[in-house]
Amino acid sequence: NSRRARAMEKGSGFGRDQQEKVWQSAEVDALYKLAAAGVRVPEPFGCFDGVLLMELITDDEGYVAPRLNDVVMSSEQAIEDHQVMMT
């Protein structure tokens, strides 16, 4: 609504809280849509005190998967991985 939009534009405490709720909702929605499309993504369990809790992803030996922000790969590898995810 317009009150929320104005608060987000001004950057008030209420506005920042609303922006965080919108982000959390969008992230959870995206995870469910990706999972429904057959993409292997962590299952979200819910948002608690501003923290999104989701399934822990590990490899076959129990090592935690790296954060996507920490992954470095070539363009070729990215294209190959994208194809795997989309099929």
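Helices (H or I, at least four residues) and strands (E, at least two) are DSSP runs, numbered from the N terminus. This is a predicted model, in which local features need pLDDT of at least 70, side-chain atom pairs count only at pLDDT 80 or more, and totals for chains, interfaces and linings use all residues. Residues are numbered from 1 along each chain as its sequence is written, and side-chain values use heavy atoms, with hydrogens and water left out.

**Figure 1. The loop around P42.** P42 sits in the loop that links α2 (13–36) to β1 (44–48). Leaving aside residues up to four places away in sequence, P42 is in contact (heavy atoms within 4.5 Å) with L31, M54, E55 and I57.

**Figure 2. R67 and its salt bridge.** The loop between β2 (51–54) and α3 (75–86) holds R67. R67 pairs with D70 in a salt bridge, with 3.0 Å between the closest N and O atoms. The term stands for a side-chain nitrogen of Lys or Arg within 4 Å of a carboxyl oxygen of Asp or Glu. The structure has one such bridge. R67 counts as exposed because its relative accessibility is 55%, while D70, with a relative accessible area of 45%, is partly exposed. The classes are buried for under 20% relative accessible area, exposed for over 50%, and partly exposed in between (1.4 Å probe, protein chains only).

Figure 3. A5 belongs to helix α1 (residues 2–10). Its relative accessibility of 31% makes A5 partly exposed. A5 and R67 are 62 residues apart along the chain, and 31 Å separates their C-alpha atoms. Between R67 and A37, which are 30 residues apart in the chain, the C-alpha separation is 22 Å.

**Figure 4. The whole chain as context for the close-ups.** Three helices and two strands make up the secondary structure of the protein chain, in the order α-α-β-β-α from the N terminus. The chain is more spread out than a compact globule, because its radius of gyration is 17 Å, well over the 12 Å that the globule rule gives for 87 residues. That radius is taken over C-alpha atoms, and the rule is 2.2 Å times the number of residues to the power 0.38. Along the principal axes, the C-alpha atoms fill a box of roughly 45 × 25 × 25 Å. Of the 87 residues, 13% are buried. Among contacts with a separation of 6 or more, 16% join residues 24 or more positions apart.
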